[in-house]
Amino acid sequence: MAEKDVIVVGGGLAGLACAMNLAADGTHVHLVSLVPVKRSHSVCAQGGINAVNDVTRAQGDSEHLHLDDTVYGGDFLQHQPPVKEMCDRAPGIIDLMDRLGVTFNRTPEGFRDQRRFGGTLFKRTAFAGATTGQQLIYALDEQARRWEAEGNITKYEYHDFLSPILNDNGVCRGAVIQDLFTMEIKAIPAGAVVLATGGNGLVFGRSTMSTICTGSASARAFRHGVRYANGEFMQVHPTAIPGTDKLRLMSESARGEGGRVWVPKTPQDPRDPKEIPAGERYYFLEERYPKYGNLVPRDIATREIFDVCVNQGLSVEQGRLCVYLDVTELPPTTQQKLDGILEIYEKFQGVNPRVVPMKIFPAIHYSMGGLWADYVKETKTGGLVENAPKNQMTNISGLYAIGEADYQYHGANRLGANSLLSCIFTGLFVAPCVASHVASSAEDIPLSLIDGAKKKETERHNAVAKMNGAENPRALHDELGDTMTRNVTVVRNNTALAETVAKVAELRERFKNVGSPDSGGWSNQSVTFVRALDDMITMAEVIAQGALMRDECRGAHFKPDFMIESPDADDPAALREQAVEWCKKFKAKNDKWLKSTIADYNGGDVQYSYEEVDTTLVPPRPRTYGLKGAEIIEEVWREQFSEKATAGAA
Amino acid sequence: MSSQSATSPQAAAAISPREKYYFLARRLHSITGLMFSGFVCFHLLVNATILASGESFEFCVEKIHILEHMGLLVPVEMATIFFPIAFHALFGIVILLTSQPNMTDYAYGGNIRYTLQRWSAVVILVFLVMHIWHMHWLGKPFGGAQFDPENATSTAASAMQSWALWAPIYALGVLATAFHLANGVWTALITWGVTIGPRSQKVSGYVCAALGAFLLVAGLGAVRGFMTYQIPADGEEAAVVEQANGDDH
Amino acid sequence: MSKKVKVNIKRQDSPDSGSYWQSFELPVEDGMNVTTILLRIAATPTTVEGEKVAPVAYDACCLEEVCGACSMRINGKVRQACSALVHNLLDEQPEITLEPMTKFPRVRDLLVDRRRLFEGLKRVKAWVPVDGYGERGKPDRMSQPDQEESYPLSRCMSCGCCMEACPQYNDKDDFVGPHAISQAILFNTIPAGKPLEDERLDALAAAGGIAACGNAQNCVKVCPKDIPLTTSIAKAGRATTFHTIKRFLTR
């Protein structure tokens, strides 16, 4: 019955949601994970999960506004039907998680409490202390354990996904995995494989991501023909704590609960921050964005930190991007809601953030891009067709991508607290789609196919284990991370990007001369790392090349050379004229660039193309957070451009 | 639907009798410990009356032995002391064998007490065997049983004074017992879920420590009392004591 | 920076082979933690004697003390390698020692197999037995005090520190361990978990359940998340008492 089985790779929120939903309907699931699933990277998510709720609804909120905030925050670079489906189902997902025992914070009356997150004016975010991701994944981990006890889920923890098994027609019929204790290579036949393997922050060396977030599974699927989309869109989180081994996240919830970002008006003011009077502090986000204040979308906050630190030289510490995040003025009951994250700061920095403002830095945080995945649009509602096998399926039949590993939901920039939602949503939603695909493709899986795939991967493993060149893989990784962090994060320009592409190509060459320092037969982590390094170089190529080719500013991808100049005339008529010009340029830019970058491996000669985006539900409009002349631009856009856009879409 | 079988009563019935017995045995171990604690308190307090006078100890022992005249002493001793302590000791050995103390790595107060609880158990076990042999009628077949309730004070004192090491041995026994008892009561309060939070456990810790200290003082006082007791010259001979015991039982 | 730290690591090549010690010396960095030490050793695995050796195998994932992966014995005490800062460790003793946990089967070097820990969660059925994952309307409300009581318990990351430090958790007994007891209490506290309350108490009243606890209370001392494990244990003691009496009387 192997052809009826499903392999789910990745045990984070998306993978577990998918596995439990499949298992509940009687499908046998092979759950493959690099670490025990309870330790997946989803535990690091802190702030919360978004959904329209009774409180925001009373203030005029709706699922449509959630969709609007998401696509506006994402600079319209996402197909809208899947986003609509996600936002529509979000309230039900929160209710489900509540039923599963998640200890969401409560109001005095016993309802779920909500906080506000970036990119919205509504308090849509349900949370469990400052460890929401941990609480959500534990609820799903428990369900997976329940189905494991029932025999519906077989776990393969400490197993690495090596490759999908494709038959002669290019249909996915299983996966090859490796036991990271015994190093044994196993091939598992299955009717479908779901990749829920997360992001690729380690391409940038240190990030807020866990050690397992190398993007290796995505890269391996990519090399087997799965298209990779929007790789250049990497979210840089504005607030993280630097460390020697990783950059630890300081959640947006610190600002959601009232934390304020500031720098001293005197550059590198040597005084204790507590002693700097309010008048000598520059609350730059509040001053520049009166509407959203400290809760502007992440790409904006990050860029403003960059601007204040680099262009204005006001960084708290010379030579790095460092600003104060201040929760010291919050009442103790509010600070208590942030205990989980404040403890992290205290533990790793040795300073009590309840008393002393935190020093924080931007850091690579989330991959908006990912494996290309399909969807089936329900034309009546504008959402998705339930149970359709093609939903979340990659261009390889039977191979699915969900969670952070897919590219669908966040466009050019993800809103805070939407990631947990997209992960659980895709996991739950894809399960019946996978099941109907499996039901419709019942042909046998020949043993020769399985054995062939296993043999190929065994050979590859042995070849890597024997590599004994002079290049140190860890040093290569450091070089890769340094280059990527320097040139492909907050601010990008084509010279540096071209250098990066060349540098990555050089690393690709030098990789051939890597030496694997370990010949051990048990838990050979060096071989595993060398293979992941290979994959990270592949990912870096896609990210850097995509960034180089995209000559515009969109969401997290910021190229000042291609910025449309803001209207700045004093005379109203001239200002209006400038705004019309601005809108024209913006429209032309959108016509050219409102498209997803698609990378196709093509046997090693990677091809890049662009895919049109379905924006039929919310017509694209200029993203004007804090933009100079925002009002006049919005006015002009409404009058002269928006009808055209809606008419074109209809 | 398998989700229903997860809540079915079969799952509960799957627990074997051996498993059920283990929990009950551990609880019985706790109960027997508490029973024996009661006896020890009583015993040490009676002994401590020697500090008042030889006569008062004599008087107490006499009162206890009223039970003997009713033919109840042995059954009561067996039911409330001997069998409980035998079970407590034997099952205690089973528990001891599952333990892997790590006091040197984790020198926390609780862990030190945990380890001392097990060491003191061994000390008490050895001491108890010696003590029963030394004083109690059960020791008679092995040449012990020097205590005669009819001449309680003088026989007890002479038994204690018969060997220079008895005093330190009894002092050590009393120390181990006072600790094991006090700590045992403290853990029993947790085991039965009486003291739940850290604060209540701290308070009960102080109360138990006071109880242990009191018993220690009473016990050591009694040892000193018997050691310093002037045995009257016209006291009965040991042979007579044995004769009397033989007659009674 | 000139200051150096010597790190002694207990190593083992495979589950069946013997263990041996190796020492490494490396420069101290600002804010350095033990996972950074292991990362640096992986980059240049050379011992103090100058011998090139295989990198040290170890478990790590989130590096911010929420995943529970990197538990090991550091200076003789179990804790998370990511939050063990070098300058604090050097206050304890002049050199740093790293050993694998002793209560779980060793795989290689500092890497152990903690499957028994997760089996414990199965034994106490630490989950909510929902009918299915479709919509079922609004869930029950939960009071603020109940949330505040259960939230700390729900932060348990199954790191295994409590079991490593527990003198009753070992090969001689099948003790389920403090973390599983605490999870059983969590699920018996939250409204959604109630349907399995009796089954969890049955499990806790079975061999290797609550009765195996010897009240050494190391668990609560070593727990990196400050979970009130001993409170859960005492609650389990009370609940199993009443439960057993109820079972006896209702049968």
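Everything here comes from a predicted model, where local features need pLDDT of at least 70 and side-chain atom pairs count only at pLDDT 80 or more, while totals for chains, interfaces and linings use all residues. Residues are numbered from 1 along each chain as its sequence is written, and chains are lettered from A and ligands numbered from 1 in the order in which they are written.

A strand here is a DSSP run of E with at least two residues, a helix is a run of H or I with at least four, and both are numbered from the N terminus. Two strands count as paired if DSSP finds at least two bridges between them. The open sheet around them has five strands in the order β6-β2-β1-β10-β19 (chain A), with parallel pairing. Its edge strands are β6 (153-157) and β19 (399-401) of chain A, each pairing on one side only. From one strand to the next, the twist averages 20°. Helix α12 (residues 419-440) of chain A lies across β1, β10 and β19 of chain A, and runs at about 155° to β10(A). For such angles, axes are lines fitted to C-alpha atoms (for helices, over the stretch in contact), and the values run from 0 to 180 degrees between N-to-C directions.

Chain A also has an open sheet of six strands, this one with antiparallel pairing and the order β13-β12-β17-β16-β14-β15. At its edges stand β13 (248-249) and β15 (281-282) of chain A, each with a single partner strand, so one side of each is left without a neighbour in the sheet. Strand β14 (residues 260-264) of chain A pairs with β15(A) in the antiparallel sense over two bridges. Here Val263(A) has Tyr282(A), in β15(A), as its bridge partner. Helix α9 (residues 298-311) of chain A lies across β12 (234-241), β14, β16 (323-326) and β17 (358-367) of chain A, running at about 60° to β12(A).

Then there's a hairpin in chain A. Strand β8 (residues 172-179) of chain A and β9(A) pair in the antiparallel sense over five bridges, with Ile177(A) opposite Lys186(A) of β9(A). Five residues lie between the strands of this hairpin, and Met183(A) takes a positive phi near 70°. Of the five residues of strand β9 (residues 185-189) of chain A, four are buried, so the strand is largely enclosed by the rest of the structure. Buried means that 20 or more other C-beta atoms lie within 10 Å of the residue's own, exposed means 12 or fewer, and partly exposed is in between, with C-beta atoms placed from the backbone.

Over in chain C, helix α6 (residues 178-189) has twelve residues and reaches 16 Å from its first C-alpha to its last, close to the 16 Å expected at 1.5 Å a residue. That expected span is 1.5 Å times one less than the number of residues. Twelve of the twelve residues of α6(C) are buried, so this helix is largely enclosed by the rest of the structure. Among them are His179(C), Gln183(C), Leu186(C) and Phe187(C). The buried residues of α6(C) pack against α3, α4, α5 (161-165), α7 (197-204), α8 (218-222) and α9 (229-249) of chain C.

Chain C is divided into domain 1 (4-112) and domain 2 (115-130 + 143-249), with bounds that come from an automatic or database domain assignment. The C-alpha centres of these two domains of chain C lie 30 Å apart. In all, 13 residues of domain 1 of chain C are in contact with 13 residues of domain 2 of chain C, contact meaning C-beta atoms, placed from the backbone, within 7 Å. Strand β4 (residues 77-80) of chain C gives the most to the domain 1 side, with three residues.

Chain C meets chain A as well: 56 residues of chain C are in contact with 58 residues of chain A. On the chain C side, α1 (34-43), β6 (106-108), α3 (115-123) and α4 (144-153) each supply at least two residues. The largest share, five residues, comes from α1(C).

Chain B, finally, comes to eleven helices and zero strands. Buried residues make up 31% of its 249 residues.

Methods:
Two residues are in contact if their C-beta atoms, placed from the backbone, lie within 7 Å.
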